Amino acid sequence: MDQQITLSAGQAALIALWVAIVEARALGYSTLMLRFTPMMTGLIVGIVLHNIPTAMTVTAAIQLIYMGLIAPGGTMPSEPAVATAIAVPVAILAKLSPEAAIAVAVPIGLLGSYLYTFRFFINTFVVRLANKFADQLNERGITFSIVVLPIIVSLVIFFPTIFIALYKGTPLIAALVKTVSAGKVFHMLSVIGGGLPALGIALTLTVIGKRKFVVFFLLAYFMTVILKPLNVNTVTYAVLGGIIAYLYVMLASPQQVEE
């Protein structure tokens, strides 16, 4: 029996609220990092839709295209949290492959960046209010205008937008994608989506900057390939990475390592 392509109002509201909180940075600098990576948003979507394994598999593929992405001035070319919040439910409802989900996530993330830019535009009016309170030496007014009010503005912008997109748009996208998934057009999108992670990896290499550190990237890649049959988990890789980093520091700057 095919899975029903639908999303309840409660599920859409929970996901939309999470995205609104992340985009508003309502939890401080912790939400800043949540905005830059899709991983936690994918986990929340998986919990809400009761399908964490599929959600995290799709999210991991989406994460690859955003590796090395930077936000000069706080503006990003795409919003990973928004892209994940829409693409992962579409992938779960339509039973898409991770590559196909990437093809859905890219344009949605781009639209999300326009929404965040609109938030900046609204905040230009909030800044005027903050300047007014600063002239009056009104501490409570300053706190309200630079902390509370921007959060409220973001919640008002993102929550209804993401909710409508999830509740009304996601089932339609999932139904459409499921209908045309066997066609040539969608096959091309899947192929393109499968190649986009290479862009994220290239950005990571660019961010690394110094050529002498690229060898560590290559070492990690080939270790992953070689140790794949052993089903080595992420914790083991983290421990190995820590040991290699310590050895590098010890050999490169022995005077900095205490006996």
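Okay, so contact in this talk means heavy atoms within 4.5 Å. With that in hand, let me start at T59, which touches P38, M39, G42, T84 and V88, leaving out residues up to four places away in sequence.

Before I go on, the ground rules. What you see is a predicted model, so local features need pLDDT of at least 70 and side-chain atom pairs count only at pLDDT 80 or more, while totals for chains, interfaces and linings use all residues. Residues are numbered from 1 along each chain as its sequence is written, and side-chain values use heavy atoms, with hydrogens and water left out.

Back to T59. This residue lies in helix α4; helices here are DSSP runs of H or I with at least four residues, strands are E runs of at least two, and both are numbered from the N terminus. T59 is buried, at a relative accessible area of 0%. Buried means under 20% relative accessible area, exposed means over 50%, and partly exposed is in between, using a 1.4 Å probe and protein chains only.

Now the overall picture. The protein chain has ten helices and zero strands. Of its 259 residues, 35% count as buried. If you take contacts between residues at least 6 apart in sequence, 73% of them join residues at least 24 apart.

What about the core? The largest nonpolar core has 48 residues, and I15, V19, I62, V88, L96, F158 and L166 are the ones with the most contacts inside it. A nonpolar core here is a set of buried Ala, Val, Leu, Ile, Met, Phe, Trp, Tyr and Cys residues joined through side-chain atoms within 4.5 Å. Two or more residues each come from α1 (9-24), α3 (39-48), α4 (52-65), α5, α6 and α7 (139-180). Which helix gives the most to this core? That would be α5, with twelve residues. Take V88, which touches V45, A55, V58, T59 and I62, again not counting residues up to four places away in sequence.

Next, α5 against α6. Two packed helices are described by the angle between their axes and the distance between the axes. Helix α5 covers residues 80-94, helix α6 covers residues 98-135, and they pack at an angle of about 150° with their axes 8 Å apart. The crossing of α5 past α6 is right-handed, where right-handed means the near helix is turned clockwise from the far one by less than a right angle, and left-handed means anticlockwise.

Who sits in that contact? From α5 you have V82, A83, I86, A87, V90 and A91, meeting A101, V104, A105, I108, G109 and G112 from α6. That divides into ten nonpolar residues, two polar and no charged. Nonpolar here is Ala, Val, Leu, Ile, Met, Phe, Trp, Tyr, Cys and Pro; charged is Asp, Glu, Lys and Arg; and the others, Gly among them, count as polar.

Let me zoom in on A87, in helix α5. Is A87 buried or exposed? Buried, with a relative accessible area of 0%. Leaving aside neighbours within four places in sequence, A87 is in contact with I62, A101, V104, A105 and I108. The C-alpha atoms of A87 and I173 are separated by 9.4 Å, though the two are 86 residues apart along the chain.

Over in α6, N123 is buried too, with a relative accessible area of 13%. N123 touches P150 and V153, not counting residues up to four places away in sequence.

On to α3. Its buried residues are T41, G42, I44, V45, G46 and V48, and what covers them includes α1, α4 and α5.

Two loop residues deserve a look. H50, in the loop between α3 and α4, has a positive phi of about 60° although it is not a glycine, and is exposed at 70% relative accessible area. L137 lies in the loop between α6 and α7, has a positive phi of about 55° without being a glycine, and counts as exposed at 71% relative accessibility.

Last thing, the record. An unreviewed UniProt entry lists "transmembrane region" for residues 40-66, 100-122, 142-166, 186-206 and 236-253; those positions are in the numbering used here, feature names are shortened, and annotations may be inferred rather than shown by experiment. In the model, residues 142-166 are 100% helix and 0% strand, with the end C-alpha atoms 35 Å apart. Residues 236-253 come out at 94% helix and 0% strand, with their end C-alpha atoms 26 Å apart.

Methods
Axes are lines fitted to C-alpha atoms, for helices over the stretch in contact, and angles run from 0 to 180 degrees between N-to-C directions.
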